[in-house]
Amino acid sequence: MDIQTYKLEFNEKECKYLQVYNKIKSMIVDGELTSNEKLPPIRKLSKIMGVNSVTVVRAYELLESDGYVTKRVGSGTFVSHKNGNFDASKFHNSDDLYRLDSGNPSPEIFPIEDFKKAINMALENDDASIFNYDDGHGIPELKEVLKKYLSNFHINTTTDNLMVISGAQQGIDIVSKAMINYSDIVFIEEPTYAGAIDVLKSRGAKLVTVPMLDDGIDIGILKMKLEKLRPKLIYLMPNFQNPTGISYSESKKKKIIEMAEEYGFYILEDDFISDFRFLSDNNRTLKSYDKYNRVIYIKSFSKILMPGLRVGVMDIPSELMNRVLISKYSSDISTSTLIQKSLYYYMDKFNWKSHIVNVEKIYTQKYIECFKYIHKKLGSRLKVVSNKGGINFFLELKRGYFSSDFVKFMLEKKVALQAGSIYFDNEIDDRFFRINIARESVERIKEAIDIVADNLDEFYNENRKISKIDNSDLQ
């Protein structure tokens, strides 16, 4: 891009660094600057704008804190991958693009015909009240069948503690709204689900990261940080975590429950696929071990039923229910009564258990085949984070290379991957990328892995320059 496009006529009544910030922000939002594009070095931009270097430094720092840019040590400042204007979803009708970035399940698992019948039963058996709001908690008959379903996983609760929600993302949001004030401390895994990071930051939480080990969050570092800080909440995905696929050991799950009681914090447990065991030794939820009532449990059905239904359930400690209910009411009053009734009829009148068994078989077989193939084709060339199930694999490039570059490179080869940067609170020298196996068939996943393997050396050769120290940012 011609650096002259950065020229700016300043309003003397406003702070210059904010005007520089707004200028570059607008260029990013409008697509004039694209994902991974390098911004001008500080001295060069200060000269073209007629301001001192400190003004540009402050503008760049603000852009970084707001997530618009990321700094790479020795290389400069780049437009963040999170703000890239390329959207792989526009290729959703193209058979040429391999979608290993999307977590949406394959339509083959959707029980469409039976769910159509369940919708018709709801329309025929219920009066006009089906189109009214419920009381915010969820309709009683659905909560009753959900309670029975959760009991299969050692979660023994009451319908009074259950709340039907419009998906896990809404659950995270309404809990955050109910519990988190500006600058409150929240602990999160590193890496962790990007949607949770965004929601918690939007509520003004101060995020403190704790690294993941092969059997879950690092308990030693967690304890060390708890000695110095007192979080209100810790957000965890204990089974088949997104993005790594890591599952916590049973001893670690029990230890975290004990620590929650000892240090006085709540745990927000996000469960999207612990219904299935895969190859893990323990797929029990944290909530199933919660003898102190410290876990706020969110169960999503997006990966085991149909994501478009936008329905889930929360199990909430009694002392938090009122404020969470108020928070939900301010978000959307209630979840669609028609959807709730339809889900009730489907779970109660049709063979829900058979559906779950079938989906588990599909996911487990897909996981096993993809695990073997990914390790066969990439395991000796990339680090693959160890896991025992789920729908995600997290892989690491060589040091000095960046996932945003790799994702962009592979898109040109018609393979859509997910850059790891979105799963970290701060984008610092991120080398990880995620492969999701939920959407594509095993055959197409293998074809995509072949493409990744065949083009890996080309990527390393083309991007070798970014691993070299370059102090051009100050030139």
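Trainee: Why does Asn387 count as buried?

Mentor: Its relative accessibility is 7%. Buried means under 20% relative accessible area, exposed means over 50%, and partly exposed is in between (1.4 Å probe, protein chains only). Since 7% is under 20%, Asn387 gets the label buried. Before we go on: this is a predicted model, where local features need pLDDT of at least 70 and side-chain atom pairs count only at pLDDT 80 or more, while totals for chains, interfaces and linings use all residues. Residues are numbered from 1 along each chain as its sequence is written, and side-chain values use heavy atoms, leaving out hydrogens and water.

Trainee: What about Lys341, buried or exposed?

Mentor: Buried: its relative accessible area is 12%, which is under 20%, so the label holds. Lys341 is in helix H11 (residues 337–349). Leaving out residues up to four places away in sequence, Lys341 touches Ala122, Asp126, Ile130, Ile139 and Glu141. Contact here means heavy atoms within 4.5 Å.

Trainee: How do you know which face of helix H8 its buried residues line?

Mentor: Ile219, Leu222 and Leu226 are buried in H8 (residues 219–228). Seen down the axis of H8, the buried residues fall within an arc of 55°, so they line one face. That arc is taken from the directions from the helix axis to the C-beta atoms. The cover over them includes strand S8 (233–236) and helix H9 (250–263). At the N-terminal end, Asp218 caps H8, with a side-chain oxygen 3.0 Å from the backbone nitrogen of Gly220.

Trainee: What makes S5 and S8 a pair?

Mentor: Two strands pair if DSSP finds at least two bridges between them. S5 and S8 have 3 bridges, in the parallel sense, so they qualify. Val186 stands opposite Leu233 in S8. S8 is also joined by 4 bridges to strand S9 (residues 266–271), again running parallel, and there Leu233 has Tyr266 as its bridge partner.

Trainee: How many disulfides does a search of the whole structure find?

Mentor: It finds 0. A disulfide is a pair of cysteine sulfur atoms within 2.5 Å.

Trainee: Which residues touch the most other members of the largest nonpolar core?

Mentor: Ile217, Ile267, Ile296, Met314 and Ile435, out of 131 residues. A nonpolar core is a set of buried Ala, Val, Leu, Ile, Met, Phe, Trp, Tyr and Cys residues joined through side-chain atoms within 4.5 Å. Helix H12 (residues 352–378) gives the most to this core, with 9 residues. Apart from it lies another core, of 20 residues, including Met27 and Val79.

Methods:
Helix = DSSP H or I, 4+ residues; strand = E, 2+ residues; numbered from the N terminus. Polar contact = N/O pair within 3.5 Å; in protein donor to acceptor, adjacent residues only side chain to side chain.
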